[in-house]
Amino acid sequence: MGFFARGEGPDEGQRSEELARIEGGGIPSRAAERLKNLGTPGPDGSLFTSGLSVNEFALLRRMGPEPLAQVMGASVVRTGWQYLPALDPTLNAFTSAMRYGGPGPTGYTLTNRYGEPSMAQVRNYKWRWSVVCELHTLSDAWNLARRRALDRLAEEALQVGADAVVGVHLHRSDHDLGSGTIEYVVTGTAIRVPGSDGTSWPVLTDVSVQDYWRLHTVGYEPAGFLATTSVWFAAPSRSTRMQRRRQFTQNQELEELSRAFHAARDTVRARLLGQVGDAHATGAVGVEFSHDVHREKLAVASAFTETRRGWHVGRLGLPYRVSGRSDIERRGWVITMHAAGTATRAGAGARSGPPEVKTSMRMRSSNG
Amino acid sequence: MTDYDPKSVEGIPESGVERLEQNREGLYTSDLTVNEFMLVTEAGFDPVGLVVGSSIFHIGIQIAGPTTSRELDTLSQAMYSARHLAMTRMEEEADQLGADGIVGVRLDIGRYDWGPNMAEFIAIGTAVKHRDGVLHRAPNGRPFQSDLSGQEFWTLLRTGHRPVGMVMGSCVFHVGRRGPLRTIAQTGRNVELPNYTQALYEARELAMQRMQTEAQELGAEGIVGVSLSERSHGWGSHVIEFFSLGTAIVSTDAEAKIEPPITVLDLNDPS
């Protein structure tokens, strides 16, 4: 391969085929091949791989299921453009007249589709409005990346005929592959319960085998993996900012930030609840919240980025002007709230009464 | 590795041979904690000495086209053989001591100021020998290696399995950048980047595949404790090493039953 080799190598066709598989949400052929090798018995029995620790391995053997393979899924997603919600167009008699053309079959038609907010409205927005809203594009990007990665994990598990994947570990890696990319890697160990044909969709869970055992002891079983992300934006109005600056010696609540955090947690909780229902589960255990906060400048959605500013001719030959005054940016905090957990439901071997518990006390506090 | 002589001490420096001689006379060193020592002894093994292997490697340069996603096989080879050499030297030391195997192996990579392109690959572990002389070596007659702690080693023996070796796979991959046309075509929307996904996915699969092949060659029944790590050893953001490491095990007693665990509540405060 030369120094500035532009070629994609000899297997150009194979490469594009691979990309097509990925684009369709599938797993690479190499992964399928590796898992097939695992399934077929070699000269001395089939091999299994597992990310389980020895303790988990021992416990799993005690319970019955056998480990099949360490499975994995990955996805890199690039986020789209995120705007803040647009301002309402002005409801003003004079400009309304200018914005509407002659009568049509369904009433007056809009000549200027870009109903502009008035100067006063824009000033008001900047000075008086604090903005707290969900950034749907970013939320969707996180959820898409995770969904794709988890689907690939499940597909790998299906390839080896697994019933469940335990110890699913979500990992957000940052490889610095360019701005605005989200990378998710998930790993887990596929297991099979003896006597099952392994054709049903595998149940994913992030609990360890120890926790699986504990759930089993009290008569519950994991029903699915729950995870969601919600991204929120919070920006104070300019008047609030100035007021805070004047009173910087005092304690003051950053009201819009509190509101955004509350709303983000609430949204995430509601979505998790929805996922619990989808998994036909009765509850969730081990839900963990985590969040990142950073400051960012976001633009308000407006049509002016797509059109020319200046004078235009309307339907009746009436001139109208696109001032572009609503090309506004707001600087604020972006809160990315993640949550992940495991849905549970009452298992087949439900037991009544609590398990027998012994107590112990170590004489030293360190594990050694 | 077919021409490997198990009696070879080629890689061990003179002082090392001396030290091992001392160990053989009865004194042992080990980096086991007291708890680990107790459990290893309980499992019927005696520690015979601390064994190390080291290899300093100069890592070459390999360049791929900016938009090409492919494995950098020269680098992969370097990372793999360096670790392999360190582990083989450690194994030779253990062999000198007549050990059955090595537990608690740690693989480290040391970087030094005096050699920007050099890395020291170090393997350290404690050689153990079965007290009653029951052979526990790997099927190829060499001491087994495992990164299991003393506690894990004990538990594994209780389940009717024994370790036969540490298996690894390594893959250095260049993740190609996206061409400018693709970048423009993909702006504005949330899209999955199939070329990145595929490259990262494939690199991990290669590492896991290699580890699996190694285990198959050892005649293992399975691999436990697989860890998959990603590191960039100063090669820039688009060149990443994927490394998988695990312990290959075989079954010794299919009938072995594990005691049912008891639910224990720890009354110590988490501190």
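The following legends describe close-up views of a predicted model.

**Figure 1. Overall features of chain B in the predicted model.** Chain B contains six helices and 10 strands. Along the principal axes, its C-alpha atoms occupy a box of roughly 70 × 50 × 40 Å. Of the 271 residues in chain B, 52% are buried.

Figure 2. The patch consists of A:Lys126, A:Arg238, A:Arg241, A:Arg245, A:Arg295 and A:Arg331. The greatest contribution comes from helix α8 (residues 238-246) of chain A, which supplies three residues. Another member of the patch, A:Arg331, is located in strand β13 (residues 329-346) of chain A. A:Arg331 is classed as partly exposed because its relative accessibility is 40%.

Figure 3. A:Arg214 is paired with A:Asp211 in a salt bridge whose closest N and O atoms are 2.5 Å apart. Both residues belong to helix α7 (residues 209-217) of chain A, where they are three residues apart, about one turn of the helix. A:Asp211 has a relative accessible area of 31% and is therefore partly exposed. Over all chains, the structure holds 18 salt bridges. Side chains of opposite charge can form such pairs when their charged atoms come close.

Figure 4. The partners are A:Lys297 and A:Glu329, and their closest N and O atoms are 3.8 Å apart. Because A:Lys297 lies in strand β10 (residues 283-299) of chain A and A:Glu329 in strand β13 of chain A, the pair ties together parts that are 32 residues apart in sequence.

Figure 5. B:Asp95 and B:Arg137 form a salt bridge, with 2.9 Å between the closest N and O atoms. B:Asp95 is in helix α3 (residues 73-96) of chain B, whereas B:Arg137 is in the loop between β4 (118-130) and β5 (144-145) of chain B, so this pair ties together parts that are 42 residues apart in sequence. Both B:Asp95 and B:Arg137 are buried. Elsewhere, A:Arg148, A:Arg152 and B:Glu192 are joined into one network by salt bridges that share partners.

Figure 6. A disulfide is a covalent bond that links the sulfur atoms of two cysteines. Across all chains, a search of the whole structure finds zero disulfides. Two of the cysteines are shown here. A:Cys133 is buried, with a relative accessible area of 10%, and B:Cys171 is likewise buried, at 0% relative accessibility.

**Figure 7. Helix α3 of chain A and the glycine that follows.** In helix α3 (residues 54-63) of chain A, the buried residues are A:Val54, A:Glu56, A:Phe57, A:Ala58, A:Leu59 and A:Leu60. A:Gly64, just after this helix, adopts a positive phi of about 125°.

**Figure 8. Helix α4 of chain B and the glycine just after the helix.** Helix α4 (residues 150-158) of chain B has among its buried residues B:Gly150, B:Phe153, B:Thr155 and B:Leu156. Just after the helix, B:Gly160 has a positive phi of about 80°.

**Figure 9. A positive phi at A:His280.** Most residues other than glycine have a negative phi. A:His280, although not a glycine, has a positive phi of about 55°. A:His280 lies in the loop between α9 (255-278) and β10 of chain A. With a relative accessible area of 65%, A:His280 is exposed.

Figure 10. A:Val357 is part of strand β14 (residues 357-360) of chain A. The relative accessible area of A:Val357 is 45%, which means that this residue is partly exposed.

Note on methods. Residues numbered from 1 in each chain as written. Chains lettered and ligands numbered in written order. Heavy atoms only, no water. Patch = residues over 30% accessible without salt bridge, like charges linked within 9 Å, V, L, I, M, F, W, Y side chains within 5 Å. Areas by Shrake-Rupley, 256 points an atom, 1.4 Å probe, with all protein chains shown as cover. Salt bridge = Lys/Arg side-chain N within 4 Å of Asp/Glu carboxyl O. Lys, Arg positive; Asp, Glu negative; His and termini not counted. Charge placed at Lys NZ, Arg CZ, Asp CG, Glu CD. Helix = DSSP H or I, 4+ residues; strand = E, 2+ residues; numbered from the N terminus. Buried < 20%, exposed > 50% of the residue type's maximum accessible area, 1.4 Å probe, protein only. Disulfide = S-S within 2.5 Å.
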